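Visitor: Could you take me on a close look at one part of this structure, the place where the strands pair up? I would also like to hear how that part sits within the whole chain.

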Amino acid sequence: MVLANEAEARTWLAALPSVSRETMATLDQFVERLRIANASQNLVAASTVGETMWVRHIADSAQLLTLFPLRREGRWIDLGSGPGLPGLVIAILLQGWSVRLVESRRLRCDFLRDCVSELGLTNVNVIEGRVEQVAPAGHDVISARAFAPLSKLLANSVHLAGKNTRWLLPKGRNAVNELSSIAPAWQRLFHVEPSVTDAEAGILVGQGIVSD
Ligand SMILES: C[S@@+](CC[C@H](N)C(=O)[O-])C[C@H]1O[C@@H](n2cnc3c(N)ncnc32)[C@H](O)[C@@H]1O
């Protein structure tokens with residue numbers, strides 16, 4: 001199944017477990033802030049701002065929740081969040097979870113902090129800095145969209161993972177190639193799931209770490 005347009009994306013999202021009318025309203029607020037901010041800083045591709053924001057960004061982020069057994073609480077970290085994709089969308093959808101957004105660019109962090117405050121989110125921590133410098137800590141989920149090539153991503157973030165960590169890595173049309181580029185021991189931890197927003201795109205889903 002691939003979402004064909006904005007109306008389908010909204011309907012699909014509204015049918016996810018625990019997505020209330022209030023949640024949809026908060027997502028609408030986020031989309032509006034993204035549209036406005038994109039006029040002054042390049043947060044998302046301009047071609048996606050008019051007609052495909054819900055498919056390309058909101059549903060594309062939210063689909064990560066369908067790829068593992070969801071608990072009520074947990075610790076999620078999103079690497080290279082940019083304007084909060086997927087991390088801020090996840091924080092809106094999973095208000096029982098603690099969500100950390102790591103982003104190195106100050107202006108983007110300003111946008112994230114403004115959104116957190118305007119949307120009244122209490123479960124988000126914006127970390128302004130580089131992923132590789134975040135203090136070692138365990139997380140239940142690590143996500144990263146369009147952040148870094150897979151081998152570099154893993155090398156720079158393994159200190160944030162443990163044996164139970166779920167990796168959720170949207171990799172677009174290059175998912176299979178990227179997976180084949182890493183060491184076999186790491187490859188065995190991952191598989192590719194299809195994306196609901198692009199028939200040719202894949203999401204790398206992994207579990208745990210390779211210990212030496
Ligand atoms: C291509 S953008 C993707 C943003 C967002 N994940 C998305 O899908 O729209 C990559 C983001 O990662 C950030 N970034 C790059 N290297 C980083 C690092 N080492 N630590 C933290 N953020 C980084 C960039 O500033 C940029 O906002």
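**Strand pairing around E7**

Guide: Happy to. Strand E6 (residues 190-194) pairs with E7 in the antiparallel sense, over 5 bridges. Strands here are DSSP runs of E with at least two residues, and helices are runs of H or I with at least four residues, numbered from the N terminus; two strands pair if DSSP finds at least two bridges between them. This is a predicted model, in which local features need pLDDT of at least 70 and side-chain atom pairs count only at pLDDT 80 or more, while totals for chains, interfaces and linings use all residues. Residues are numbered from 1 along each chain as its sequence is written.

Within this pairing, Phe-190 has Gly-206 of E7 as its bridge partner. E7 (residues 202-207) also runs antiparallel to strand E5 (residues 166-170), joined to it by 5 bridges. There, Leu-168 is partnered with Val-205 in E7.

Now for the wider setting. The chain holds 9 helices and 7 strands. Its radius of gyration, taken over C-alpha atoms, is 16 Å, close to the 17 Å from the globule rule for 212 residues, so the chain is as compact as a globular protein of that length. That rule is 2.2 Å times the number of residues to the power 0.38. Along the principal axes, the C-alpha atoms fill a box of roughly 45 × 35 × 35 Å. Of the contacts between residues at least 6 apart in sequence, 69% join residues at least 24 apart; a contact means C-beta atoms, placed from the backbone, within 7 Å.

Methods
Two residues are in contact if their C-beta atoms, placed from the backbone, lie within 7 Å.
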